[in-house]
Amino acid sequence: MQKIKFYGIGGQGAVTAAKILSIAVSLHQSEYAITVPAYGHERRGAPVFAHIIVDDKPVLLNCYVYEPDIIVVFDENLIDMGVNVGEGCTEDTIMVINASNQEIVDRYKKEYGLKKVYACNATEAALKNIGLNIPNSAMLGALAKSGVVKIEAIEKAVTESFGKVGEKNGNAARYAYEHTWEA
Amino acid sequence: MAIKMFDGNGAAVEAIRLARPGVIAAYPITPQSSIAEHLADEVAEGKINAEYIRVESEHSAMSMAVGAQLTGVRVATATASVGLALMHEVCGVAAGCRVPIVMPVVNRSLVAPWSLWCDHSDTMAERDTGWLQFYCSTVQEILDLQLCAYRISEHENVMTPSMVCFDGFYLSHSMQRVDTPSDEDAWDFVKPYVRKNMYLDTKDVMFINDLCPTVEHTEMKYQQKVGFDEAAKVAKEVFAEYEERFGRKLQAVETYCLEDAEVAVVTMGSMSGTGKYVVNQLREQGIKAGLLRICMFRPFPAEEIKEALKNIPIIGVVDRSSGLGAAQGPVCSEVKAALSGMDNKVFGYVGGIAGRDISDGSFRKIFGELLDIHAGKADAVTTWFDVRPDAMDMREVETNVNV
């Protein structure tokens, strides 16, 4: 069982990304997932969380993730917005972060005592491939580096989910996967 | 059969599509909105051959639904929270006129204070309105129970509408794999809607829902009561047929590790899986814990519950609504009544209000307390198990401080 928590900002598609991750593991890896979104009453601009539990058997747990195996940070500014992405993390927790540079990654590692980090400039990947600052597909590509899901499964799920812009989103996921570094 | 991906609202829309409604009237409300929206999409794209009537409120939505179904078509609507509260009057009309509407209700807290998040206060407030109530624990079950609800509600001995209740966000927005029957197989099971008894027809006019004199009114209620009695039997048959056709077991009451249990919790809705997870953990430690999930709350399966719990000494019932002013939450009241005269000790818990998460930690705390009682180390539980200690200091208003 892998417990995953997404941290994003309203409008970045973190809740949608959680649903697509569920599609990727369920349809394209024959596994199981539950997703529980949690966002404030505000929409764009407010912190957004999504809780995902993935397993190779049906998932009984249907609640929030308190001790994540993986955290996915959709926006590098969250550290300055009073959002504690390190909550419940141990040094074994993997962080996947949308980061523009290594310095910001190091700040997160130091602040939250994280050791295993995959970083990716998902914003750039999204702008380059989709032409929009919506990093969710790219972040799913970066997440595939952690091994919880295969990049092929993510590509398929992303492409299916976004209709007319499916291919562009699939490209963003692949591009991000290939440009993710162990930080 | 095919594995498809749906969130809870998507599964409800799929079940509605499979049941081929002729009229849809729904008013969007969080967290039900995507049901109203996707039904509109399905009609626009020709996937559902229905008249989609835009309405200005839930009161109108249910009024449309009642009128339309009385003409002899299956109708669809859906709601949540205060939307259901606004429907309350017309829900009684649907029930009393024996219009077997099947309605998904996405559970969300009632006012005040305002909340968008999950609890059962909305449907608990409707528990005596004359509707059958089913509570889902997974997205799969939303599809399964809704398809069954058409058959149960529309049965000539039942003729009683159904609420298919599922938890806002925990199920409505959880994307899960759903084993989905083909259009043909689902239609073969659900069958076309056939109006029975009262109907609206401009060529054959009759009064419906007129002022009923006292000398007949009790009898009308008695007919409804008999409908509920029959619903319990019909549900059993329909669930059995569904399992035979589609391979998934549905039951009014689900038991989990209860045979030799010394302590057990009673749950309803999306918290149930988390409860089972904790039962598994406790069993691995050699602790005899169990769980009973109520899937059909109306008609209340008192006999099944009594049979399943009779030998379990310590029981905790988790209510996801406050039951203000009552001796305990509404589910606990009913479980206690079902077990009256037995020797078990039944303790009520209230929590998960307005989206407060009922976690594995919550169940570990509850089981811990029940085990202490079983061991004779305690004689009371923390009824409001997740209330903050500073509850009485919050939002205190200091009036007239500047006067």
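Two strands pair if DSSP finds at least two bridges between them. Helices (H or I, at least four residues) and strands (E, at least two) are DSSP runs, numbered from the N terminus. This is a predicted model: local features need pLDDT of at least 70, side-chain atom pairs count only at pLDDT 80 or more, and totals for chains, interfaces and linings use all residues. Residues are numbered from 1 along each chain as its sequence is written, and chains are lettered from A and ligands numbered from 1 in the order in which they are written.

1. **Three-stranded sheet, chain B.** Start with the pair B:Ile24 and B:Ala76: B:Ile24 stands opposite B:Ala76 in β4(B). Two bridges link strand β2 (residues 23-25) of chain B to β4(B), in the parallel sense. The sheet is open, with three strands in the order β3-β2-β4 (chain B) and parallel pairing. At its edges are β3 (51-53) and β4 (75-76) of chain B, each pairing on one side only.

2. **Helix over that sheet.** Helix α2 (residues 33-44) of chain B lies across β2, β3 and β4 of chain B. Its direction makes about 145 degrees with β3(B). Axes here are lines fitted to C-alpha atoms, for helices over the stretch in contact, and angles run from 0 to 180 degrees between N-to-C directions.

3. **Five-stranded sheet, chain B.** This open sheet has the order β9-β11-β10-β13-β14 (chain B), and its pairing is mixed. β9 (253-256) and β14 (345-350) of chain B each have a single partner strand, so one side of each is left without a neighbour in the sheet. With direction ignored, neighbouring strands are turned by 20 degrees against each other on average.

4. **Strand β13(B) and its partners.** Strand β10 (residues 263-267) of chain B runs parallel to strand β13 (residues 314-319) of chain B, and four bridges join them. B:Val265 stands opposite B:Gly316, and B:Val263 has B:Ile314 as its bridge partner. Six bridges join β13(B) to β14(B), also in parallel. There, B:Ile314 stands opposite B:Lys345. β13(B), helix α11 (residues 330-338) of chain B and β14(B) make a right-handed β-α-β unit; with the strands pointing away from the viewer, the path from the first strand over the helix to the second runs clockwise.

5. **Burial of β13(B).** Six of the six residues of β13(B) are buried (20 or more other C-beta atoms within 10 Å of a residue's own, placed from the backbone; exposed means 12 or fewer, partly exposed in between). B:Ile314, B:Gly316 and B:Val318 point one way, and B:Ile315, B:Val317 and B:Asp319 the other. The charged B:Asp319 is among the buried residues.

6. **Helices on the five-stranded sheet.** Helix α9 (residues 271-284) of chain B lies across β9, β10, β11 (289-294) and β13 of chain B, at about 165 degrees to β11(B). Helix α12 (residues 360-374) of chain B packs on the sheet too, touching β10, β11, β13 and β14 of chain B. The direction of α12 makes about 140 degrees with that of β10(B).

7. **Chain A overall.** Chain A has six helices and seven strands. Their order from the N terminus is β-α-β-β-β-β-α-β-α-α-α-α-β. The radius of gyration (over C-alpha atoms) is 15 Å, close to the 16 Å that the globule rule (2.2 Å times the number of residues to the power 0.38) gives for 183 residues, so chain A is as compact as a globular protein of that length. Its C-alpha atoms fill a box of roughly 40 × 40 × 35 Å, taken along the principal axes. Buried residues make up 57% of the 183.

8. Two residues are in contact if their C-beta atoms, placed from the backbone, lie within 7 Å. In chain A, residues 24 or more positions apart account for 64% of the contacts with a separation of 6 or more. A:Ala173 sits in helix α6 (residues 166-178) of chain A. A:Ala173 is buried, with 32 other C-beta atoms within 10 Å. Beyond four places in sequence, A:Ala173 touches residues including A:Ser137, A:Leu140, A:Ile154 and A:Val158.

9. **Interface.** The contact takes 17 residues from chain A and 20 residues from chain B. On the chain A side, α1 (14-28) and β2 (32-39) are the elements that give two or more residues.
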